[in-house]
Amino acid sequence: MSNGSSIPQCLLLPLADTRELQLWHFWLILGIPLAALLGNSLITTSTACDQHPHTPRYFFLLNLSLLDLGCISTTVPKSKASSLWDTRPISYTACAAQIFFFLFFLRAEFYFLTIVSYDHYVAICKPLHYGSLLGSSACVHMAAAAWGTGFLHALLHTANTFSLPLCGGIAVEQFFCEIPQILKLSRSHSYLREVGLFVIAVCVTFGCFVFIVGSYVQIFRAVLRIPSEQGHHKAFSTYLPHLAVLSLFVSTSAFAYLKPPSISSPSLDLVLSVLYSVVPPAVNPLICSLRNQEL
């Protein structure tokens, strides 16, 4: 197998070894993506039909819900179909498209989460400047930058990954196409460019995460100065779940992409991928609903 163009299809990892377990997996795990799809669809519809859709809170919430829908719709339906129909193949083109859209939605969502943390910081720590710092023009520019940067990130990684010569078979040890699994099929000396792109992505991710944590530290410091115990409880119950899910998303995705090959295993890769690709989109609607009682 000399290069990617000669590969007609890839084989995805089955989530169970026997037909009975595959069907059990289909029905038992079906609730998580359905909850994510239903929750994000309701939030998207409610936000679009709300009387105040142009406020920054609703604008960012609408974008996050759309990204959650896109992220979970990119990977889960194919996995469910594979479990139901006992089919593993995915075409090479579909594999590339899955990686592109998954990276696009995932990366853009992370940038929007960074923007949301800034929105929270301004609302709590600089309320008098909220209108000037987060006006309509600023919100549109930040949203466009998040979508555009996510698109560029996905395009560069996908194009670079699938330009590498592949060898070692066509089995992808994951329930969806993922860059680390595709790189395992590549010759060891040929993916230095992708490693360079990963280093840049890690640096940007780390910078955004530091910004997010710093924003919430300032928020919690401001909240602790409030004399009301009820205010403390409301603020912490509002922002801590969001920060916890964000930390889960960043830590599991970083470990999945940066872990040494020596500790890699199909079961570990499966758990990590579910934790960063399925759980956050399923939990985000609940957190957003608690944070925005007007919905």
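Hi everyone, let's start at one side chain: leaving out residues up to four places away in sequence, Tyr-257 touches Phe-102, Leu-103, Glu-178, Ile-179, Pro-180, Phe-198 and Tyr-276, where a contact means heavy atoms within 4.5 Å. Before we go on, this is a predicted model, in which local features need pLDDT of at least 70 and side-chain atom pairs count only at pLDDT 80 or more, while totals for chains, interfaces and linings use all residues. Numbering runs from 1 along each chain as its sequence is written, and side-chain values use heavy atoms, with hydrogens and water left out.

Now the overall layout. The protein has 11 helices and three strands, taken as DSSP runs numbered from the N terminus (H or I, at least four residues, for helices; E, at least two, for strands). Of its 295 residues, 44% are buried, meaning under 20% relative accessible area, with exposed over 50% and partly exposed in between (1.4 Å probe, protein chains only).

Back to Tyr-257. Together with Phe-110, Phe-112 and Tyr-276, Tyr-257 touches the most other members of the largest nonpolar core, which has 53 residues. Such a core is a set of buried Ala, Val, Leu, Ile, Met, Phe, Trp, Tyr and Cys residues joined through side-chain atoms within 4.5 Å. Helix H4 (92–125) is among the helices that each supply at least two residues of this core, and H4 gives the largest share, 18 residues.

Next, the rings. The whole structure holds 16 aromatic pairs. Rings of Phe, Tyr and Trp (its six-membered ring) pair if their centres lie within 6.5 Å; planes under 30 degrees apart are stacked, over 60 edge-to-face, and the rest tilted. Phe-100 and Phe-151 are edge-to-face, because their ring centres are 5.5 Å apart and their planes stand at 90 degrees. Phe-100 sits in helix H4 and Phe-151 in helix H6, so this pair ties together parts 51 residues apart in sequence.

Which of the two is buried? Phe-100 is, at 14% relative accessibility, whereas Phe-151 is partly exposed at 40%. Both belong to one aromatic cluster, along with Phe-59, Phe-60, Phe-101, Phe-104, Phe-105, Phe-112 and Trp-147.

One last stop: Phe-220, in helix H8. Phe-220 is buried, with a relative accessible area of 14%. Beyond its neighbours within four places in sequence, Phe-220 contacts Phe-236, Tyr-239, Leu-240 and Leu-243. Phe-220 and Tyr-239 are 19 residues apart in sequence and 8.9 Å apart in space, C-alpha to C-alpha. Thanks, everyone!
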